[in-house]
Amino acid sequence: MKSNKLKIVTILIFSALLFSCASTPASDADARFKKEKQTIYSMLKSHYAGFDMMVERGFTKQAWDQCSNYDDIRALFDTCINDMHLIITNYKEFTYHQNQAFDADSIRSNDPERTFIKKTTSNTYYLRYNSCNVYWDEYAALPSLAEEAATYDYIVLDFRSNGGGGNTQQRQFFNNLYNLNYKGTIYVTQDNWSYSSGEVWMMASRFTDKLSVKLIGTHSGGMQIYGNCVEYNKNGMYFYLPGTSFATILPDNYLGEGKGYQPDIWANKNNMKQKLEALGLDLRGITFN
């Protein structure tokens with residue numbers, strides 16, 4: 001009897017140890033997931049400009065509480081979030097960022113970051129910007145170039161593969177052209193990798209009743225509804241959250257987040273020069289990389 005009792009006690013102790021060893025990591029993971037859920041909810045509610053829109057699209061505290069894993073969170077976000085800017089990650093097994101539609105014939109520029117080119121021909125004033133970083137001197141100077149540009153029949157604003165930044169300089173540039181009574185035609189280029197402020201049409205469209213502005217390229221990247229993003233690090237998580245909504249001022253030809261603007265003239269970097277030259281632009285010495 002003593003031998004059997006000892007065996008039973010030993011088995012029970014061993015089983016308890018196994019259960020304890022197996023359950024502790026799972027318990028830790030569950031606790032971490034709950035903490036991250038609370039952090040995400042708190043950050044979105046207090047810092048995200050699109051939170052009210054999430055609620056309008058069906059986001060509720062009850063639906064959030066029912067999320068038991070990261071896949072549940074992603075599925076709920078897919079339904080309730082419409083924002084290409086937003087990024088949330090715990091640097092490990094969870095990252096959320098909405099996907100973009102790509103045109104089969106859109107070709108990304110191979111110009112290095114912060115490429116600035118200014119060229120003039122017999123009738124064309126060409127400006128190449130692939131960044132809208134407001135601390136970049138060349139981009140900050142854009143408004144001051146309007147007076148020189150206004151002396152040409154055509155202006156090409158080449159913003160292909162532009163990751164964005166700020167668009168105040170664009171507004172000032174167009175406004176300066178208007179004040180100079182510019183009567184030529186402005187062609188704005190874009191591709192699938194023109195994002196946020198790199199999608200110049202948000203600003204250009206406000207001047208189309210005063211200036212002749214045409215959009216050429218493929219669809220832009222589609223990061224427009226929200227902006228003025230701020231980075232946060234909270235409880236081991238990273239957030240990139242827009243602080244401003246631009247939903248009420250978007251042009252009619254904006255097709256949606258991840259879909260971008262519909263161009264007036266369809267082209268990619270391989271045939272853009274040819275199509276512009278067919279419209280009368282002198283582009284000698286200008287290359288669309």
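A cavity is a set of points on a 1 Å grid over the protein atoms alone where a 1.4 Å probe fits but cannot get out. The model is predicted: local features need pLDDT of at least 70, side-chain atom pairs count only at pLDDT 80 or more, and totals for chains, interfaces and linings use all residues. Residues are numbered from 1 along each chain as its sequence is written, and side-chain values use heavy atoms, with hydrogens and water left out.

View 1. The structure holds 1 cavity of 30 Å³ or more. About 30 Å³ of space lies in the largest cavity, a volume being the space filled by probe spheres set on grid points that are joined across faces, edges and corners. Lining residues have an atom within 4 Å of a point; they are Ile107, Arg160, Gln190, Asp191, Thr218, Ala267, Asn268, Lys269 and Met272. The lining divides into 3 nonpolar, 3 polar and 3 charged residues. Ala, Val, Leu, Ile, Met, Phe, Trp, Tyr, Cys and Pro count as nonpolar, Asp, Glu, Lys and Arg as charged, and the others, Gly among them, as polar.

**View 2. Helix α4 (residues 70–80).** Helices (H or I, at least four residues) and strands (E, at least two) are DSSP runs, numbered from the N terminus. Tyr70, Ile73, Leu76, Phe77 and Cys80 of α4 are buried (under 20% relative accessible area, with exposed over 50% and partly exposed in between; 1.4 Å probe, protein chains only). These residues are on the same side of α4, because they cover an arc of only 125 degrees around the axis, taken from the directions from the helix axis to the C-beta atoms. Asp71 and Asp78 are exposed on the other side of α4. At the start of α4, a side-chain oxygen of Asn69 comes within 3.1 Å of the backbone nitrogen of Asp71.

**View 3. Parallel pairing at β7.** Strands pair if DSSP finds at least two bridges between them. Strand β6 (residues 185–190) pairs with strand β7 (residues 212–217) in the parallel sense over 6 bridges, and Ile186 has Val213 in β7 as its bridge partner. β7 also pairs with strand β10 (residues 265–266), in the parallel sense over 2 bridges. There, the bridge partner of Ile216 is Ile265 in β10.

**View 4. Positive phi at Tyr91 and Asn228.** Tyr91 is not a glycine, yet has a positive phi of about 70 degrees; Tyr91 is found in the loop between β1 (87–89) and β2 (95–96). Asn228, also not a glycine, has a positive phi of about 50 degrees and lies in strand β8 (residues 226–234). Asn228 counts as exposed because its relative accessibility is 52%.

Conventions. Polar contact = N/O pair within 3.5 Å; in protein donor to acceptor, adjacent residues only side chain to side chain. 1 Å grid on protein atoms, 1.4 Å probe; cavity = no way out; pocket = protein on both sides within 12 Å on 5 of 7 lines; lining within 4 Å.
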